[in-house]
Amino acid sequence: MKSRTIKVDYLARVEGEGALYVKISDNKVTDVKFKIWEPPRLFEAFLRGRNYSEAPDITARICGICPIAYQMSSAHAMETAFGVAVDPQVRALRRLIYCGEWIESHPLHVYLLHAPDFLGYENAIQAAQDHPEIVQRGLQLKKVGNDLMAFLGGREIHPINIRVGGFYKVPTKQELAPFIEKLKWARDAALETVRWTATLPFPDFEQDYEFVALRHPDEYAITEGRLVSNKGLDIAISEYDDHFVEEHTQYANALRSTHKGRGAYHVGPLARYNVNFDKLSPLAQQAARDVGFGPVCRNPFKSIIVRSVETVYACDEALRIIDQYEMPEKPAVEVQPRAATGHGCTEAPRGILYHRYRLDAQGVILDAKIVAPTSQNQKCIESDLWQFVPKHIDLPTEELTWRCEQVIRNYDPCISCATHFLKLHIERD
Amino acid sequence: MPPGKGGMLIIGLGNQYRRDDAAGLVAARRLKEAAPAHVRVLEESGEGTALMESWQGADTVILIDALDSGAKPGTVRRLDAHREPIPTRFFHYSTHAFGVAEAIELARVLGQLPPRLIVYGIEGRTFEAGLGLSPEVEKAARELVERVLGDLCCDPHLPGVSVLN
């Protein structure tokens, strides 16, 4: 019988470089490889021998889309190691800048990367030809997140204002006031985004995932909490390495995480939503319910709706924080290094980002471990492909390939934001 | 007078921790020192929508980026965004989901391209993690700085030239 191979050397609309390989023999899927060329742990090597205080700025360079996540996970790891607790208002400000990162990252994926899949366009440029006003709304919404990050972070792309112990500089309440109107507009635009994404056509595809996310008793967890899953996991982040292990794959120059004894697990917006629906603000919960969305969603294609609901939440939460903000007396607390190991884990837009550092008495980094969300989702993505392809095996290869790419894009995979150079091939001159 | 929002803008793109990927940043930093005061110089990571925001209001934009096209390392290419579309192959090989080429093409569709947009690409040799440019890329970045400074002085289509003459 016929054999087919689906091969995409360079996946479009995913962050970084990725490739997909699916082998079909006798109308059965016989192999699935989702390859990612992640720079193998090079930043971890960079960090060895550096001072603890450099970690937030160095790790922020790993990703141009979510530098706050890297800064926050590293700063928290150091603070845990040195037994430092930050001022409650400093904690609130960190949550605020993190909301900015969600407001920046989610609309980028929803409007420019993911929506074209459902609207039948090859990319956002084509979509913008027919629906310029929709793409503009996405760009404006993202800009509100950018502005918040740039204001609190000191700079937009690689924020420099976050440090171990707090911030270098904190705003007055008055300085935050101009964001209130912007965020109110963004919250309305995000509500509109929920309504719009809910009208998109979704394939019928539900999986019994293990959703892993941070959970906090008082809030929709972003910057801290315990690691909890819908299948009974409930651990402190310092126990991460006892439960999750990274395996090296032959075909992908990256490490792939698995839950020990269980296998694939799912992190990111869908995981957070399923684990923490009850902690969303009333407005965000209502936005979900208004489009017929309950507290459980196991269809990864519908993550576009969940990202929109989380954008509503991030705007709502940012407004709450600004309303309750009082400028702290000091932007940061004193940090006294000591020999210790510190763990940090925060909810990057794409899911949990884990950092672990071993430090000597002077605060010099002896070793570092960083596990990004995409390497945690990699096994889940492959598992989705194993399930998805047989259901659509009769499609012509070109269309099946496009559908497989969509399966991958559901995860908003951030494969290697550390570089952005253009691989250009032009047949002229 | 400090540089305003409009006028001329130079944007260097790259990641300083990825060897030759930093070529655009290195060139931009040198141009910041050497360019006339009315020229704004920015550094960006290459994320497309941020790029579209940063060039809003500028009349003339010069983008400087690293390239990996298989050409000899240090080769410099110059593209005029208004004369030619940024080659579609850019889309497949950009490692940002929404990168420089996408930003230019989306801005074209939405009518948000700056009136004049020049892209300079410097061919890199290595993009591995690490600091510092390869010697030929370093040389190319240095030469490109001179070329752009020359453009600023001599190109009659660029604003600000009369100020310099």
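**Exercise 1. Determine which strands helix α3 of chain A lies across, and at what angle it runs to β11(A).**

Solution. Start with the helix: α3 covers residues 67–82 of chain A. Helices (H or I, at least four residues) and strands (E, at least two) are DSSP runs, numbered from the N terminus. Next, find the strands: α3 lies across β11 and β12 of chain A. Last, take the angle: α3 runs at about 150° to β11(A). Axes are lines fitted to C-alpha atoms, for helices over the stretch in contact, and angles run from 0 to 180 degrees between N-to-C directions. Two residues are in contact if their C-beta atoms, placed from the backbone, lie within 7 Å.

The model is predicted: local features need pLDDT of at least 70, side-chain atom pairs count only at pLDDT 80 or more, and totals for chains, interfaces and linings use all residues. Residues are numbered from 1 along each chain as its sequence is written, while chains are lettered from A and ligands numbered from 1 in the order in which they are written.

**Exercise 2. Describe the sheet formed by β11, β12 and β13 of chain A.**

Solution. First, the order: the three strands form an open sheet, β11-β12-β13, with antiparallel pairing. Two strands pair if DSSP finds at least two bridges between them. Second, the edges: β11 (340–348) and β13 (365–371) of chain A each have a single partner strand, so one side of each lacks a neighbour in the sheet. Third, the twist: from one strand to the next it averages 15°. Within β13(A), A:I370 stands opposite A:H355. Finally, helix α13 (residues 373–391) of chain A packs on the sheet and touches β11, β12 and β13. The direction of α13(A) makes about 125° with that of β12(A).

**Exercise 3. Work out how α13(A) and α14(A) meet.**

Solution. Two packed helices are described by the angle between their axes and the distance between the axes. Here the axes come within 9 Å and cross at roughly 145°; α14 spans residues 397–409 of chain A. The crossing is right-handed (left-handed if the near helix is turned anticlockwise from the far one by less than a right angle, right-handed if clockwise). Then list the residues: A:I381, A:D384, A:L385, A:F388 and A:V389 of α13(A) meet A:C404, A:V407 and A:I408 of α14(A). By class, this contact has seven nonpolar, no polar and one charged residues. Ala, Val, Leu, Ile, Met, Phe, Trp, Tyr, Cys and Pro count as nonpolar, Asp, Glu, Lys and Arg as charged, and the others, Gly among them, as polar.

**Exercise 4. Find how many residues of α12(A) are buried.**

Solution. A residue is buried if 20 or more other C-beta atoms lie within 10 Å of its own, exposed if 12 or fewer, and partly exposed in between, with C-beta atoms placed from the backbone. In α12(A), 19 of the 22 residues are buried, so this helix is largely enclosed by the rest of the structure. In α14(A), the buried residues are A:C404, A:V407, A:I408 and A:R409. For chain A, buried residues make up 53% of the 429 residues.
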